[in-house]
Amino acid sequence: MESTAMSISTSSGHMRRRAAVGFLALAALLVPAPVASAGETRSDDIAPVILLDGAKGAEGIAAAGSTKFYAGDLVTGDIYRGDIRKDKATKFIDAPDGRMAVGMKADRHNDLLFVAGGPTGRAYVYDTDTGKTVKTFQLTRKEAFINDVALTDHGAWFTNSRQAELYFIPVDDDGDLGKVRTLTLKGPAADTSKQFNLNGIAYSRDARRLVVAHTGNQELYTVSPRTGASTEITGVTVPNVDGVLVKGDTVWAVQNFSNQISRLRVNFHESTAKLREVITSPDFNIPTTAALFDDTLAAVNAKFGVPNAKTFEVVTVDARTNATK
């Protein structure tokens with residue numbers, strides 16, 4: 001089934017805040033309160049904690065170069081730009097009222113930033129040179145929580161935590177955006193019986209498969225981007241799984257209320273995985289998504305359910321603390 005991309009006028013700031021508060025309340029009910037974690041030592045040229053200066057919420061992050069990143073304000077939809085060598089990120093895009101910013105990915109080749117719009121059912125595409133909106137897409141008019149984004153060589157894939165569907169926005173060689181395609185899922189990834197279902201998404205170029213996280217099932221699945229058929233990655237369980245990253249045969253699974261990131265080695269041919277290590281930090285406070293910078297992970301603290309949270313930040317940790325595994 002195919003739907004047409006269309007520009008959307010923005011709604012009121014009150015609606016935006018109500019939707020964001022509702023999501024935060026749901027997240028607080030789903031899982032227990034945060035626990036303390038042991039940390040890792042960071043090198044002197046990388047900031048251990050990076051403040052998102054003025055943010056009212058946080059959820060998504062995207063690598064934008066060797067040290068630069070974008071991060072989103074979940075509540076307002078604003079986009080911050082920062083550097084893992086500095087202790088503060090500043091607002092880059094002042095989003096129009098009615099937007100939210102959940103997961104995101106940066107297409108450096110075409111200077112585009114793709115942002116998931118949560119309960120709006122929308123995706124937003126920004127020009128990373130000017131900060132202007134390139135296009136707004138209505139991915140679905142069904143009940144939705146558009147949660148995260150993965151990039152391939154041909155476009156961007158989005159998850160919906162409320163529907164057994166993925167959405168694809170094509171990008172051609174000139175950086176022009178095409179019409180949205182809807183991919184209906186089959187197999188275990190199509191399970192929508194939980195309060196919160198599909199969440200993070202990444203793309204394995206080696207396996208030519210999407211990797212999706214299912215929060216409710218505490219599992220990871222591979223998905224064929226052509227047919228929508230899904231297969232469970234067996235051998236591991238990932239409670240509170242949120243965002244995922246893939247590089248070669250390594251998958252990093254961010255586990256929000258567990259305050260940890262699990263590094264897995266995945267055999268995509270057999271669809272099996274082994275846990276190699278659990279990465280923690282005393283600065284984690286409900287991390288949701290992460291970006292990879294060589295041997296460093298930068299994870300966003302969403303602080304879901306944390307009373308009176310007034311500041312939001314990015315925390316850096318070693319991507320591989322145990323070099324022997």
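Author: Ala, Val, Leu, Ile, Met, Phe, Trp, Tyr, Cys and Pro count here as nonpolar, Asp, Glu, Lys and Arg as charged, and the others, Gly among them, as polar. The model under discussion is predicted. On that classification, the lining of the largest pocket divides into 20 nonpolar, nine polar and ten charged residues.

The lining of this pocket comprises 39 residues, and the space within the pocket is about 910 Å³. Nearest its centre lie Lys105, Ala106, Leu151, Arg205 and Val246. Several strands contribute: E2 (61–63), E6 (104–107), E10 (146–152), E11, E14 (198–204), E18 (241–247) and E22 (287–293) each supply at least two residues of the lining.

The structure holds three aromatic pairs. A pair of aromatic rings is described by the distance of the centres and the angle of the planes. For Tyr70 and Phe92 the centres are 5.9 Å apart and the planes stand at 35 degrees; the pair is therefore tilted, since planes under 30 degrees apart would count as stacked and those over 60 as edge-to-face. This pair links distant parts of the chain, with Tyr70 in strand E3 (residues 68–72) and Phe92 in strand E5 (residues 88–93), 22 residues apart. Both Tyr70 and Phe92 are buried.

Trp157 and Phe168 form another tilted pair, at 4.7 Å centre to centre and with 35 degrees between the planes. Here too distant parts of the chain are linked: Trp157 belongs to strand E11 (residues 155–160) and Phe168 to strand E12 (residues 165–170), eleven residues apart. Trp157 has a relative accessible area of 5% and is buried; Phe168 is likewise buried, with a relative accessible area of 5%.

The ring of Phe92 has a further neighbour. Arg81 lies over the face of Phe92, at 3.9 Å from the ring centre. A charge over a ring is also found elsewhere, where the charged end of Lys303 sits over the ring of Phe312, 5.7 Å from its centre.

E4 then runs antiparallel to E5, the two being joined by three bridges. In that pairing Arg81 stands opposite Thr90 in E5, and the hairpin from E4 to E5 passes through four residues. Four of the five residues of strand E4 (residues 79–83) are buried, so this strand is largely enclosed by the rest of the structure.

A further hairpin is formed by strands E8 and E9, with five residues between them; Gly131 in its turn has a positive phi of about 80 degrees. E8 (residues 122–127) and E9 (residues 133–138) run antiparallel and are joined by five bridges, with Arg122 opposite Gln138 in E9.

Gly54 is placed in the loop between strand E1 (49–52) and E2. Gly54 is exposed, with a relative accessible area of 53%. Although Gly54 and Asp73 are 19 residues apart in sequence, their C-alpha atoms are 9.3 Å apart in space.

Most residues other than glycine have a negative phi. Against that background, Asp111 has a positive phi of about 55 degrees although it is not a glycine. Asp111 is found in the loop between E6 and strand E7 (112–116), and its relative accessible area of 31% makes it partly exposed. Asn240, also a residue other than glycine, has a positive phi near 60 degrees. The loop between strand E17 (230–232) and E18 is where Asn240 lies. Asn240 counts as buried because its relative accessibility is 14%, and buried means under 20%.

Terms used. Residues are numbered from 1 along each chain as its sequence is written. This is a predicted model: local features need pLDDT of at least 70, side-chain atom pairs count only at pLDDT 80 or more; totals for chains, interfaces and linings use all residues. Side-chain values use heavy atoms; hydrogens and water are left out. Rings of Phe, Tyr and Trp (its six-membered ring) pair if their centres lie within 6.5 Å; planes under 30 degrees apart count as stacked, over 60 as edge-to-face and the rest as tilted. Buried means under 20% relative accessible area, exposed over 50%, partly exposed in between (1.4 Å probe, protein chains only). A charge sits over a ring if NZ of Lys or CZ of Arg is within 6 Å of the ring centre and within 35 degrees of the ring normal. Two strands pair if DSSP finds at least two bridges between them. On a 1 Å grid over the protein atoms alone, a cavity is a set of points where a 1.4 Å probe fits but cannot get out, and a pocket is an open set with protein on both sides within 12 Å along at least five of seven lines; lining residues have an atom within 4 Å of a point. Grid points are joined across faces, edges and corners, and a volume is the space filled by probe spheres set on the points.
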